[in-house]
Amino acid sequence: MTTEPAQAGWRFKAPSVIPGFGLTLGFSLAYLTLIILIPLTGLVWRSASLGWTDFWAIATDRRTVKALEISFGTALIAAAVNVVFGTIVAWVLVRYRFPGRRVIDAMVDLPFALPTAVAGIALTTLYASKGWIGSLLAPLGIKVAYTPLGIVIALIFIGLPFVVRTVQPIIEEIDKEVEEAAATLGASRFQTITRILFPGLAPAIVTGFALAFARGVGEYGSVIFIAGNMPYVSEIAPLLIVIKLEEYNYAAATAIATIMLVISFVMLLVINLLQSWSRKRYG
Amino acid sequence: MEVRVANVRKEFDRFPALHDVSLDIKSGELIALLGPSGSGKTTLLRLIAGLEKPTKGAIYFGEEDASHRTIQERNVGFVFQHYALFRHMTVADNVGFGLKVRPGATRPAAAEIRRRASELLDLVQLSGLEKRYPAQLSGGQRQRVALARAMAIEPKVLLLDEPFGALDAQVRRELRRWLREIHDATGHTTVFVTHDQEEALELADRVVVMSQGRIEQVGTADEVYDTPNSPFVYGFIGESSSLPVKVEDGQLWVADRPIGLSVPDAPNGKAELYFRPHDVELLEECNGCIAGTVVASRRVAGTRRVELEIGGERQRVEIELPIEHPAAQKSRVAFRPRRWKVFLAEG
């Protein structure tokens, strides 16, 4: 818990007396430039070779728009679902002691480790209309595999650890006394959760959401197996990029990539600003 | 509100933290639970609050058995050592929280809650800080917010768990005086836990001295200081020195000589003599006294503390001498305790 008052306005933070500021800042900038900035600039550069009219034509092409809609839409839904259930999983792992807790705790990380294609194939097998789960859902008229719903499920699988692992340490830090204080003041358990605990967790939940969302937008491996990849229905933007590449249409591929990049960047920037606002307020 | 703790026992995983404790707290009283860590004082406080359930026994608020009431229903104000403020809420929202979470029918209007909050912040001398967040306050200010928050629900009992434990000495003394003033002004029945005897003796109407899950003595500051009823209380409250002695025919003996103190009713046997180092009479002639050789001497504020080795067994005791006393290393000093108490050896 920091006790510094919130800083008013923008200020270049004075380096401390401990040496290393120049060196580490220089290293960070050089590293970020090399690893992130130069490749991304190359991307934008490449798509700029298209010229504005062509770029606009590709950007407003119905197939592109649909693919972007599907990518961002499914990623948003999956991240939202993960926020709810990931937070519950994190809560259970921190607060309760039960046999097998460590096994479940370790299992949460599996989507990190598993090659995503394997996950995609496994999910497809399960959710296909002849699969274990798919065959149960089919009589209800629910089709999962080869629909956008399948994409959402794959992205939920991929994104879960991001939410759990960002929220978990914050739940661990919750001071038990704060909950007790709320109880002595007459707050019911529900009031304690909604008014005391949730606002404290919100920044971590937003971070988890952002990570799961970003991962979902870029996910390729697991999705292409379960999605069915029908243009206008279940074709995601990363796949569209790969299709363009296979057609040797590099300019179109980079154009779509650039659009994805801009949308993602703006969304993540907004989320970051939201967070720094809440951090400043609540210290 | 009167609080009665009746034969309460509390175990954590079969390990007893409190053994059969009983205590009567009068309405409007300011009571200190004093003891070393592990004595069960915080456990007792948490049991009264309802934050723990007794393994056995009951706790009465007035005539009513509160043991099976939930924390929410007990209506106690609890102040934690580390404040436990809600850090995403302003000071005013923290103070008003207890009123805001009341069910619809009994909840005051928003404007009334604000008014109550600023009234309480006035009382704790923090008016003007309503809009601040806890992270922007000093430790002393935070603890005062915590107290205002606890008082906002008009509690039947105010319970404070080492309320000044995390603060520095200066702020601590200030808040101590100020808590007494608030208590006198509001008249809440108040119980606070402390391991600081100075705090307990200075602040409380009555002090409950606890050790190893038991209440050793309950009394006013004078009572527990002047007439401690157990070796533990003698040793824990104030300075004390002790010396193994022998009772023979109503006389106290150290090694092979009587020391001029008589205990007419005590049976013969081994015992321990307790006295205050400053409450001794220095003697020129040793005609029934305790005499020893000075082995160490140090200056303590306005007096001198010397350590004496007594008799062949070289038992060490500490006494206080006036500064001008000529006692030097190896010199012999004879004295007799003015006020003292003998506790017979167990078994």
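Biologist: How many residues does helix α6 of chain B have, and what does it reach from its first C-alpha to its last?

Modeller: A word on conventions comes before the answer: this is a predicted model, in which local features need pLDDT of at least 70 and side-chain atom pairs count only at pLDDT 80 or more, while totals for chains, interfaces and linings use all residues. Residues are numbered from 1 along each chain as its sequence is written, and chains are lettered from A and ligands numbered from 1 in the order in which they are written. Helices (H or I, at least four residues) and strands (E, at least two) are DSSP runs, numbered from the N terminus, and the expected span of a helix is 1.5 Å times one less than its number of residues. Helix α6 of chain B, residues 169-186, has 18 residues and reaches 26 Å from its first C-alpha to its last, close to the 26 Å expected at 1.5 Å a residue. Just after α6(B), B:Gly187 takes a positive phi of about 75°.

Biologist: Which residues of α6(B) are buried, and which exposed residues does the face turned away from them carry?

Modeller: A residue is called buried if 20 or more other C-beta atoms lie within 10 Å of its own, exposed if 12 or fewer do, and partly exposed in between, with C-beta atoms placed from the backbone. In α6(B) the buried residues are B:Leu175, B:Leu179, B:Ile182 and B:His183. Seen down the axis of α6(B), these buried residues fall within an arc of 95° (the arc of the directions from the helix axis to the C-beta atoms), so they line one face of the helix. The face turned away from the buried side carries the exposed residues B:Gln170, B:Arg177, B:Glu181, B:Asp184 and B:Ala185.

Biologist: What do the buried residues of α6(B) pack against?

Modeller: Two residues are in contact if their C-beta atoms, placed from the backbone, lie within 7 Å. The buried residues of α6(B) pack against β3 (30-34), α4 (110-123), α5 (139-152), β8 (189-194) and α7 (197-203) of chain B. Helix α5 of chain B also holds B:Ala150, which is buried, with 25 other C-beta atoms within 10 Å. Leaving aside residues up to four places away in sequence, B:Ala150 touches B:Gly77, B:Phe78, B:Val79, B:Pro155 and B:Leu158. B:Ala150 and B:Ile182 are 32 residues apart in sequence and 13 Å apart in space, C-alpha to C-alpha.

Biologist: Into which domains is chain B divided?

Modeller: Domain bounds come from an automatic or database domain assignment. For chain B that gives domain 1 (3-235) and domain 2 (240-344), with their C-alpha centres 41 Å apart. The contact between them takes 4 residues from domain 1 of chain B and 5 residues from domain 2 of chain B.

Biologist: How many helices and strands does chain A have, and what do the annotations cover?

Modeller: Chain A has 13 helices and 0 strands, and its C-alpha atoms fill a box of roughly 65 × 60 × 30 Å, taken along the principal axes. Buried residues make up 31% of the 283 residues in chain A, and of the contacts in chain A with a separation of 6 or more, 78% are between residues 24 or more positions apart. UniProt positions are given in the numbering used here, feature names are shortened, and annotations may be inferred rather than shown by experiment. The unreviewed UniProt entry places "domain: ABC transmembrane type-1" at residues 68-271 of chain A, a span that is 78% helix and 0% strand, with its end C-alpha atoms 20 Å apart. The entry also annotates "transmembrane region" over several spans of chain A, including 70-94 and 140-164. Residues 70-94 of chain A are 100% helix, with end C-alpha atoms 35 Å apart, whereas residues 140-164 of chain A are 68% helix, with end C-alpha atoms 31 Å apart.

Biologist: How many residues does the contact take from chain A and from chain B?

Modeller: The size of an interface is often given as the accessible area lost when the parts come together, but here residues are counted. The contact takes 21 residues from chain A and 21 residues from chain B. On the side of chain A that touches chain B, α9(A) gives the most, with 6 residues. The residues of that side of chain A divide into 9 nonpolar, 8 polar and 4 charged, where Ala, Val, Leu, Ile, Met, Phe, Trp, Tyr, Cys and Pro count as nonpolar, Asp, Glu, Lys and Arg as charged, and the others, Gly among them, as polar.
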